[in-house]
Amino acid sequence: MEIDIVSIFPEIITGFLGHSLLGKAIDKKALGVNLRNLRDYTGGRHRVVDDVPFGGGPGMVLKPGPLMKAVDSLKRDGSLVILLTPQGTLLSQDVLKRHSSKEHIIMLCGRYEGVDERVAETRVDEEISIGDYVLSGGEVAACVYIDSLARLIPGVVGDGESVTGDSFYGSLLKHPQYTRPADYEGLAVPAVLLSGNHADIARWRRERSLERTFRKRPDLLEKAELSREDRSFLQTLGHRSKEVN
Ligand code: SAM
């Protein structure tokens, strides 16, 4: 998997790539990330990337030419071109799973008042938003995207289970976790976790996962794969599932 990120402030992303899991993924060559300065695609001596909006109004808009030139020179067969925008599809684990099989992604980071609409119309495959709020630029959104995408690329997270067990992966929130000491300030960890009985532990974790999803994000239960046992357990919590009985 290789990702080209096009931005007028690529240095915002540089430090982020060097650390932790993402840094290791890049070192191991499981993931390649290239930072592209939009100004390198301007052609002119002044390297101008923005201009005032037609029709008036505040702020500046990123010009179509440099962004289109960047996409045209970076694109290959099978590339996925993403525009980061608050108006896009909300980023989710499902979107990331779909994107994790791509070999090449180009991400376009907007700034100021956004990007000339003709870029989205002619060069972009998907518009992605990281949430219903407005950032000053796409760089932080690009960091959020690649950090969460990297976890899904084979070989990046050492123990595969820690990805498939993550919240949202199977449409449920993850069960609570505890570590040493077993008793802290009189707060004991649930006894079952110290029992060594793997079947009991697995069942306890599944039930806690169902319970906290029901309490915190009941909407997720709509698309979760639930066994008959799961549904019976949810019923005891007061969840009314259409498929029970
Ligand atoms: N005027 C635009 C609008 O109202 O839709 C917002 C422009 S915003 C200040 C500048 C850039 O930040 C956008 O072009 C986009 O690349 C990025 N951005 C802002 N919020 C974002 C979000 N929630 N998700 C992804 N990118 C975002």
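Is L31 buried or exposed in this predicted model? L31 counts as buried, because its relative accessibility is 2% and the cut-off for burial is under 20%. The residue is placed in the loop that connects α2 with β2. Leaving out residues up to four places away in sequence, L31 touches M1, I3, L22, A25, I26, A150 and I153. Its C-alpha atom is separated by 41 Å from that of A188, a residue 157 positions away along the chain.

Five strands make up an open sheet, arranged in the order β2-β1-β6-β5-β7, and their pairing is parallel. On average, and with direction ignored, neighbouring strands are turned by 30° against each other.

The buried residues of α3 are P64, P66, L67, M68, A70, V71 and L74. These pack against β1, β2, β5 and β6, and also against β4 (61–62) and α5 (117–123).

The largest nonpolar core has 32 residues, and the members that touch the most others are I5, M107 and Y145. Two or more residues come from each of β1 (2–7), α1 (11–17), α2 (20–27), β5 (80–90), α4 (93–99), β6 (104–109) and α6 (138–150). Of these contributors, α6 gives the most, with 7 residues. Y145 has contacts with I82, L91, L96, H99, I105 and M107, when residues up to four places away in sequence are not counted. Apart from this core lies another, made of 19 residues that include V6, V71, L74 and I106. Two of the residues named there, V71 and L74, are also among the buried residues of α3. In soluble globular proteins, nonpolar side chains tend to be buried together.

With 19 residues at 1.5 Å a residue, α8 should span 27 Å, and its end C-alpha atoms are 26 Å apart, which agrees. The N-terminal end of α8 is capped by N197, with a side-chain oxygen 3.2 Å from the backbone nitrogen of A199. Within the helix, I201, W204, E207, R208, S209, L210, T213 and F214 are buried. The cover over these buried residues includes α9 (228–237).

The loop between α7 (161–164) and β8 (183–184) holds several local features. D166 is found in this loop, where its side chain makes a polar contact of 2.9 Å with the side chain of R151. Leaving aside neighbours within four places in sequence, D166 is in contact with R151 and L172. S171 sits in the loop between α7 and β8 as well. Although S171 is not a glycine, its phi is positive, at about 70°. S171 is buried, because its relative accessible area is 10%. P181 is likewise placed in the loop between α7 and β8, and the peptide bond joining R180 and P181 is cis, with omega about 5°.

A positive phi is also found at Y112, a residue other than glycine, where the value is near 55°. Y112 lies in the loop between β6 and α5. With a relative accessible area of 40%, Y112 is partly exposed, whereas S171 is buried. For context, most residues other than glycine have a negative phi, and most peptide bonds are trans.

Key. Residues are numbered from 1 along each chain as its sequence is written. This is a predicted model: local features need pLDDT of at least 70, side-chain atom pairs count only at pLDDT 80 or more; totals for chains, interfaces and linings use all residues. Side-chain values use heavy atoms; hydrogens and water are left out. A nonpolar core is a set of buried Ala, Val, Leu, Ile, Met, Phe, Trp, Tyr and Cys residues joined through side-chain atoms within 4.5 Å. Buried means under 20% relative accessible area, exposed over 50%, partly exposed in between (1.4 Å probe, protein chains only). Helices (H or I, at least four residues) and strands (E, at least two) are DSSP runs, numbered from the N terminus. Contact means heavy atoms within 4.5 Å. Two strands pair if DSSP finds at least two bridges between them. Axes are lines fitted to C-alpha atoms, for helices over the stretch in contact, and angles run from 0 to 180 degrees between N-to-C directions. The expected span of a helix is 1.5 Å times one less than its number of residues. A polar contact is a pair of N or O atoms within 3.5 Å; within protein, one must be able to donate a hydrogen and the other to accept it, and residues adjacent in sequence count only if both atoms are side-chain atoms.
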